[in-house]
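Here is a walk through one protein model, element by element. Keep the coordinates open as you read.

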Amino acid sequence: QEYTGVKMEVLKWSDAASSALAGKLEGKNVYLVAATLRPETMYGQTNCFVGTAINYGFFAINETDVFVCTERAARNMAFQGTSLPRGKITQLAEIDGSKLVGTKVKAPFAIHPEVYVLPMDNVLATKGTGVVTSVPSDSPDDFATLTDLRKKPEFYKIDPQWAAIDPVPVITTPTYGDLTAPAIVKKLKIQSQKDVKQLAEAKEIAYKEGFYSGTMLVGEFKGQPVQEAKALVRASMIDAGLAFAYAEPEGFVMSRSG
Ligand code: ZZB
């Protein structure tokens with residue numbers, strides 16, 4: 001899988017992260033790195049998700065920059081030349097996802113440029129970077145989770161203000177309108193992030209609808225079909241130093257032609 005690694009710079013640590021990390025990251029620029037397959041939706045980011053039970057490492061990418069992700073992702077990045085020396089990782093600290101909740105980060109290209117880290121039940125430690133940027137307008141999983149968090153902030157141990165940004169219309173589709181994911185979630189009668197089977201179906205529908213029939217409503221490529229805008233937004237983010245290519249080795253088939 002060819003993901004886009006989106007650099008979400010830390011603006012303010014949660015209290016728990018601040019105490020856990022005291023003195024370990026002096027003078028560094030720290031980024032939570034989210035892996036996405038839909039760079040064209042980045043305008044609609046409303047928050048960032050982590051798994052509360054996942055262990056996240058802080059990896060030195062160069063002299064000044066530190067990436068927060070799973071160790072597995074950091075190793076992949078090191079083999080892909082994202083950090084040097086190639087194939088070697090340097091871990092400066094580690095933390096449980098639960099402690100990252102409430103941290104404020106930058107959301108590159110987003111209409112709401114500052115968002116909070118929130119908990120999601122279904123983040124897999126074995127996929128991407130273990131950090132997910134949330135676009136509830138176009139991702140059914142994100143919309144269902146954000147809805148859960150807003151209904152039960154105490155249960156999820158969050159400040160309601162961290163989940164205050166509403167889904168932002170960024171892509172329109174003929175069948176579902178300007179908020180594709182909420183429309184599909186409603187149609188399939190999905191109640192919460194626990195409805196994993198229906199959410200897998202909803203994701204499938206949202207991917208197809210967005211890719212084949214979506215049109216950009218905002219940003220540099222407003223009015224263009226998603227099929228064209230996808231690569232253009234990605235390139236624009238990478239050029240701006242806000243993102244990079246990240247490949248997942250699983251399912252990677254070595255070419256026999258070389
Ligand atoms: C932003 C976004 C916006 C995403 C959207 C999707 C959609 P897939 O297809 O199953 O490979 N993701 C990334 N890493 C993880 C993880 N470790 N655990 C759980 N979810 C993860 O899923 C790739 C997508 O799943 C990624 O793209 C990311 O969410 C999330 F509008 O990034 B995406 C219809 C989907 N729309």
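Helix 7 is followed by Gly 241, whose phi is positive, near 75°. Helices (H or I, at least four residues) and strands (E, at least two) are DSSP runs, numbered from the N terminus. The model is predicted: local features need pLDDT of at least 70, side-chain atom pairs count only at pLDDT 80 or more, and totals for chains, interfaces and linings use all residues. Residues are numbered from 1 along each chain as its sequence is written, and side-chain values use heavy atoms, with hydrogens and water left out.

Stay with helix 7. It covers residues 226-239, and at 1.5 Å a residue its 14 residues should span 20 Å. The expected span is 1.5 Å times one less than the number of residues. The end C-alpha atoms of helix 7 are 19 Å apart, which agrees.

Which residues of helix 7 are buried? They are Val 226, Ala 229, Val 233, Arg 234, Ser 236 and Met 237. Buried means under 20% relative accessible area, exposed over 50%, and partly exposed in between (1.4 Å probe, protein chains only). Seen down the axis of helix 7, the buried residues fall within an arc of 165°, so they line one face of the helix. The arc is that of the directions from the helix axis to the C-beta atoms. An α-helix has 3.6 residues a turn, so residues three or four places apart point the same way. The face of helix 7 turned away from the buried side carries the exposed residues Ala 231 and Asp 239.

What do the buried residues of helix 7 pack against? Their partners are strand 1 (2-12), strand 10 (171-172), helix 6, strand 11 (215-216) and strand 12 (243-247). Contact means heavy atoms within 4.5 Å.

Now take helix 6 with helix 7. Their axes come within 6 Å and cross at roughly 95°. Axes are lines fitted to C-alpha atoms, for helices over the stretch in contact, and angles run from 0 to 180 degrees between N-to-C directions. Helix 6 and helix 7 are therefore roughly perpendicular to each other. Angles under 35 degrees count as roughly parallel, over 145 as roughly antiparallel, 65 to 115 as roughly perpendicular and the rest as oblique. Gly 210, Phe 211 and Tyr 212 in helix 6 meet Val 226, Gln 227 and Lys 230 in helix 7. By class, this contact of helix 6 with helix 7 has 3 nonpolar, 2 polar and 1 charged residues. Ala, Val, Leu, Ile, Met, Phe, Trp, Tyr, Cys and Pro count as nonpolar, Asp, Glu, Lys and Arg as charged, and the others, Gly among them, as polar.

Helix 6 (residues 196-213) also packs with helix 4 (residues 140-151), at an angle of about 130° and with the axes 8 Å apart. That makes helix 4 oblique to helix 6. From helix 4, Pro 140, Asp 141 and Ala 144 meet Leu 199, Ala 202, Lys 203 and Ala 206 in helix 6. The classes in the contact of helix 4 with helix 6 are 5 nonpolar, no polar and 2 charged residues.

Next, Arg 38. It sits in the loop between strand 2 (29-36) and strand 3 (47-50). Is Arg 38 buried or exposed? Arg 38 is buried, with a relative accessible area of 8%. Leaving aside neighbours within four places in sequence, Arg 38 is in contact with Asp 138, Ile 171, Ala 206, Tyr 207, Gly 210 and Lys 230.
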